[in-house]
Amino acid sequence: MTDALLQVDDLRVSFAVGGLEVRAVDGVSFTVDPGRTLAIIGESGSGKTVCCRAIMGLLPGTAAISGSARLRGSELLGLSDAELRRHRGSDVAMVFQDPARSLNPTMRVGVQITEAIKTHRAVSRREAQTQAIELLRLVRIPAAERRFHEYPHQLSGGMRQRVMIAIALACRPKLLIADEATTSLDVTTQAQIMELLLELQQELDMALILISHDMGLAASYADEVVVMYAGKIVEQAPAMRLFGTGGAVRMRYTRALLDAVPHLERPAHYPLPVVGGRPPDPTALPPGCSFAPRCASAADDCVAKAPALLEHAPGHRWACWHPCENGGAA
Ligand SMILES: Nc1ncnc2c1ncn2[C@@H]1O[C@H](COP(=O)(O)OP(=O)(O)OP(=O)(O)O)[C@@H](O)[C@H]1O
Ligand SMILES: [Mg+2]
């Protein structure tokens, strides 16, 4: 038995679309320890959001889900809505990409936070309002009493994202999942929100899952990194190992994501390298490695048989027949 906060085992999610099966998440396993930060990184469509929505019980009824996701040992998959509501916001909460669409434009932000508190806690309205103002202060919103009475459109994008974080924190979750939570913000505000999340993580002793396509975020903030491609984890390692000096990246896909991060030393007009080609059709995944059609090192065995995700070094797993040697540096 481990003391993991979240333990996900062989999670599979598929959707039936027009008579075809979309395998959105295909046998994903990982753990998150208390107070730690896991980054889930991958291209668009690789299954990051579906994976976390499955854990949160936020997928539509059309999703076929199997596997296990245990929070402090208790299974989350297959719970009733009422049971899930007890977990959501008390043990685990999620912040989404677009605060403009996640907040109700017709309700004052204070009311929205107060409602979130009252959903999970048996407190009076007055007490919930007091706690809502405290939450606005906690997410460093200046003049919290005044902002409490404002509507979302009166706040900047960064402020709205702070409100979303306040709502997510309403019941002091032990795990916060931030799904591209800073993607819609400008670079400076992104950094401020990330700093806020890290400070709150310390203050509240929370674990974080950061979902992003940006490997730079993983390099800056994560303890552990999971790299997803076509519904599968293809590489997984402690951040120190991947990004430390003499980085140990083994997958060319991981390398390509890392190379796509803008560097300060690179001139602004320098085109960013991109991962050539397109992700596979999720309704027709190839029998071999699904990255093979885009991989410079693909050989016959890659096309014939999918490599399993195996632990090749302590804490470092990868799924590749022909891994890079020197961290993939050119
Ligand atoms: N409700 C749904 N019905 C059918 N297919 C879906 C549904 N939700 C997601 N998918 C499919 O599942 C796959 C994984 O989607 P997901 O949203 O998890 O990707 P992602 O990694 O979060 O991408 P992004 O970086 O663009 O947010 C995609 O092929 C997507 O089209
Ligand atoms: Mg997503």
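Contact, as the word is used in these legends, means heavy atoms within 4.5 Å. The structure shown is a predicted model.

**View 1. Helix 4 against helix 7 in the predicted model.** In helix 4, Val109, Gln112, Ile113 and Ala116 meet Val163, Ala166 and Ile167 of helix 7. Sorted by class, the residues of this contact between helix 4 and helix 7 are six nonpolar, one polar and no charged. Helix 4 spans residues 109-120 and helix 7 spans residues 157-168; the two pack at an angle of about 20 degrees, and their axes are 9 Å apart. Helix 4 is therefore roughly parallel to helix 7, since angles under 35 degrees count as roughly parallel. The crossing of helix 4 and helix 7 is right-handed.

**View 2. Helix 7 against helix 8.** Helix 8 covers residues 187-204, and its packing with helix 7 is at an angle of about 20 degrees, with the axes 10 Å apart. Helix 7 and helix 8 are therefore roughly parallel to each other. A right-handed crossing takes helix 7 past helix 8. On the side of helix 7 the contact is made by Gly158, Gln161, Arg162 and Ile165, and on the side of helix 8 by Thr189, Gln192, Ile193, Leu196, Leu197 and Leu200. The residues of the contact of helix 7 with helix 8 comprise five nonpolar, four polar and one charged.

View 3. Helix 11, residues 252-259, is mostly covered, with six of its eight residues buried. These buried residues of helix 11 are Tyr253, Thr254, Arg255, Ala256, Leu257 and Leu258. Among the elements that cover them are strand 3 (37-42), strand 9 (224-229) and strand 10 (232-238). Helix 9 (215-221) and helix 10 (239-243) are also included in what covers the buried residues of helix 11.

View 4. Five of the six residues of strand 9 are buried, so strand 9 is largely enclosed by the rest of the structure. Strand 3 and strand 9 run parallel and are joined by five bridges. Glycine 42 has methionine 228 in strand 9 as its bridge partner. Strand 9 and strand 10, by contrast, run antiparallel, with six bridges joining them. Glutamate 224 stands opposite proline 238 of strand 10.

**View 5. Alanine 230 in the hairpin of strand 9 and strand 10.** Two residues lie between the strands of this hairpin. Alanine 230 is found in the loop between strand 9 and strand 10. Although alanine 230 is not a glycine, its phi is positive, at about 45 degrees. Alanine 230 is buried, and its relative accessible area is 13%.

**View 6. Glycine 288 in the loop between helix 11 and helix 12.** The loop that holds glycine 288 runs between helix 11 and helix 12 (300-304). With a relative accessible area of 6%, glycine 288 is buried, because a residue under 20% counts as buried. Neighbours within four places in sequence left aside, glycine 288 is in contact with Cys302, Val303, Ala304, Lys305 and Ala306. Glycine 288 and alanine 304 are 16 residues apart along the chain, while their C-alpha atoms are separated by 4.9 Å.

View 7. Strand 4, residues 63-71, runs antiparallel to strand 5, and two bridges join them. Leucine 71 stands opposite serine 74 in strand 5.

**View 8. Aspartate 10 in strand 1.** Aspartate 10 is located in strand 1, which spans residues 6-17. The phi of aspartate 10 is positive, at about 50 degrees, although aspartate 10 is not a glycine. Aspartate 10 is partly exposed, and its relative accessible area is 35%. In a regular strand, side chains alternate between the two faces of the sheet.

Terms used:
Residues numbered from 1 in each chain as written. Chains lettered and ligands numbered in written order. Predicted model: local features only at pLDDT ≥ 70, side-chain atom pairs only at ≥ 80, totals over all residues. Heavy atoms only, no water. Axes fitted to C-alpha atoms, helices over the stretch in contact; angles between N-to-C directions. Helix = DSSP H or I, 4+ residues; strand = E, 2+ residues; numbered from the N terminus. Parallel < 35°, antiparallel > 145°, perpendicular 65-115°, else oblique. Left-handed = near helix turned anticlockwise from the far one by under 90°. Nonpolar A, V, L, I, M, F, W, Y, C, P; charged D, E, K, R; others polar. Buried < 20%, exposed > 50% of the residue type's maximum accessible area, 1.4 Å probe, protein only. Pairing = 2+ DSSP bridges.
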